[in-house]
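Hello,

Here is the structure we talked about passing along.

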Amino acid sequence: MTGSTVGGAEDYHGGTDEPPPHVDTPLPMRSRVNEQFGNQRDTSRPVLPEPLPSPVVDNHCHLDIEDGESWLEPGEALRLAASVGVPRIVQIGCDLPGAAWAVRIAEQYDDIVAGVAIHPNEAPRLDDIGELSAGIAEIEQLAGSSQRVRAIGETGLDYYRTGPEGHAAQHRSFAAHIELAHRLGKTLVIHDRDAHDDVLALLDEHGTPERTVLHCFSGDVEFARECLDRGAYLSFAGTVTFKNAAYLRVALAAAPLDRILVETDAPFLAPMPHRGRPNSSYLVPTTVRAMAEVREMDLEELCRALNANTDTAFGGSWGTGR
Ligand SMILES: [Zn+2]
Ligand SMILES: [Zn+2]
C-alpha cells in the first residue's frame with residue numbers, strides 16, 4: 001500500500017506503566033534515545049531554522065517523550081518554538097499516564113492544549129490484560145476533566161506495528177474514541193498507518209466528527225479526497241519532505257488551502273535535511289517552507305492559513321501567541 005514505508009521505524013507505539021510525574025517537576029515519560037536505532041542515530045539537535053513571517057501552530061507533538069542529548073522540558077520546547085514563529089502546541093498523550101501528563105501540562109501552559117487517547121498500538125496491549133474498556137473510561141474522564149483538552153487522539157488504526165491478532169482491539173478502541181469525540185464535542189485526531197480503508201469504514205459506521213484531523217497524513221491523493229469528502233483536515237508532518245514521499249506532495253498540492261495543517265509528531269519524523277535526528281516544535285518552519293514550495297505559494301499566506309485552520313480544527317483559538 002502506498003506510503004507504508006514512510007517514517008520507517010520512527011513512530012510511537014505506546015506502552016509505559018510509569019506513574020505521571022508531579023506537574024511542578026515534569027520529567028520525560030518515555031525515552032526514544034537508542035530505543036530503535038541502537039547507536040546508529042545522530043542524536044544531536046538540529047539548529048534553529050529561520051523564523052516564520054507569521055505564527056503557526058504545531059498541532060501534534062509528544063513533549064513527554066525524551067530524545068536527543070537531553071530532554072527539552074515543555075517550557076524550553078515552547079520557548080524555542082516561539083522564537084521561530086511556533087508559539088502554540090497541541091500535546092498528544094498516547095496512553096493513560098501520557099494522557100494524564102498532557103492534561104497537566106496543558107493546565108500549566110496557556111499556549112499548550114491537550115489531546116488524550118489510547119494509541120492504536122497501546123489498545124491491544126490493554127486488551128490483552130483485560131483493561132481496554134476501563135482505559136477508555138479513564139480517557140473519557142480525563143477528557144471531560146479539563147477545558148484544556150481539545151482533542152480525542154491519537155486514536156485510529158495501525159496495521160504496520162500491530163499484526164492481525166490486534167486488529168479487533170484496535171477497531172473496538174477506535175470506535176469508542178470516535179463515539180467519545182461525538183459525545184464530548186472534541187476534535188478527533190486519527191493515527192492511520194497502512195489502514196486507510198478500514199479507517200474510512202469505521203468513520204462511516206460511526207460518523208465522522210465535525211472536527212476530525214488525519215494526523216501525519218500518509219495517503220495518496222485519492223485517499224486525501226476520501227478524507228476531505230468526509231470533512232476531515234489533513235495534517236502534514238516532516239514526512240512530506242522525504243524523498244520517497246512524492247505522493248504526499250501530490251496530495252498536499254491538491255488539497256484545499258482551508259483543509260491543511262502542519263505538525264511535527266516530535267520527537268519523531270524530523271524533516272529533511274534532519275531526518276532521523278531529534279524532532280521538536282521549533283522545526284515546524286522547515287516543514288512549512290517545504291509545503292509552500294510544493295503549493296507554489298507565498299510563505300506568509302500559507303502560515304496565516306495554517307494558523308487559522310488549526311484554530312478551526314481544534315475548536316477555537318487559545319493561548320497568547322496568535
Ligand atoms: Zn501517530
Ligand atoms: Zn503522534
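Below is what I found in it, going from the overall fold to single residues.

First, some housekeeping. This is a predicted model, in which local features need pLDDT of at least 70 and side-chain atom pairs count only at pLDDT 80 or more, while totals for chains, interfaces and linings use all residues. Residues are numbered from 1 along each chain as its sequence is written, with chains lettered from A and ligands numbered from 1 in the order in which they are written.

**The chain as a whole**

The protein chain has 10 helices and 10 strands. Of its 322 residues, 54% count as buried. I call a residue buried if 20 or more other C-beta atoms lie within 10 Å of its own, exposed if 12 or fewer, and partly exposed in between, with C-beta atoms placed from the backbone. Contacts mean two residues whose C-beta atoms, again placed from the backbone, lie within 7 Å. Among contacts between residues at least 6 apart in sequence, 76% join residues at least 24 apart.

**Helix α1**

Which residues of α1 are buried? In this helix, residues 74-82, they are P74, A77, L78, A81 and A82. They sit on the same side of α1, because they cover an arc of only 125 degrees around the axis (the arc is that of the directions from the helix axis to the C-beta atoms). As background, an α-helix has 3.6 residues a turn, so residues three or four places apart point the same way. The buried residues of α1 pack against β2 (57-61), β4 (88-93), α2 (96-108), β5 (112-116) and α9 (284-295).

**Helix pairs**

For the angles here, axes are lines fitted to C-alpha atoms, for helices over the stretch in contact, and angles run from 0 to 180 degrees between N-to-C directions. Angles under 35 degrees count as roughly parallel, over 145 as roughly antiparallel, 65 to 115 as roughly perpendicular and the rest as oblique. For residue classes, Ala, Val, Leu, Ile, Met, Phe, Trp, Tyr, Cys and Pro count as nonpolar, Asp, Glu, Lys and Arg as charged, and the others, Gly among them, as polar.

- α2 and α4 (residues 132-144) pack at about 0 degrees with their axes 10 Å apart, which makes α2 roughly parallel to α4. L96, A99, A100 and V103 of α2 meet G135, E138, I139 and L142 of α4. That contact divides into six nonpolar residues, one polar and one charged.
- α8 and α9 pack at an angle of about 70 degrees, their axes 9 Å apart, so α8 is roughly perpendicular to α9. R249, L252 and A253 of α8 make the contact with M291, V294 and R295 of α9. By class there are four nonpolar, no polar and two charged residues.
- α9 and α10 (residues 299-313) have axes that come within 9 Å and cross at roughly 110 degrees, so α9 is roughly perpendicular to α10. On the α9 side are V288, R289, M291, A292 and R295, which meet L299, L302, C303 and L306 of α10. Here the classes are seven nonpolar, no polar and two charged.

**Backbone points to check**

Most residues other than glycine have a negative phi, and most peptide bonds are trans. Where does this model depart from that? The peptide bond from G153 to E154 is cis, with omega near 15 degrees, and E154 is in strand β6 (residues 149-158). M272 and P273 are also joined by a cis peptide bond, with omega about 5 degrees; P273 is in the loop between β10 (260-262) and α9. L269 lies in the loop between β10 and α9 too. L269 is not a glycine, yet has a positive phi of about 60 degrees, and L269 counts as buried because it has 26 C-beta neighbours inside 10 Å. C216, in the loop between β8 (212-215) and α7 (221-229), has a positive phi of about 45 degrees and is not a glycine either. C216 is buried, with 27 other C-beta atoms within 10 Å.

**Two residue pairs**

S31, in strand β1 (residues 30-31), is 36 residues from D67 in sequence and 6.0 Å from D67 in space, C-alpha to C-alpha. Y247, in α8 (residues 246-254), is 27 residues from D220 in sequence and 5.3 Å away in space, C-alpha to C-alpha.

Best wishes

Note on methods. Helices (H or I, at least four residues) and strands (E, at least two) are DSSP runs, numbered from the N terminus.
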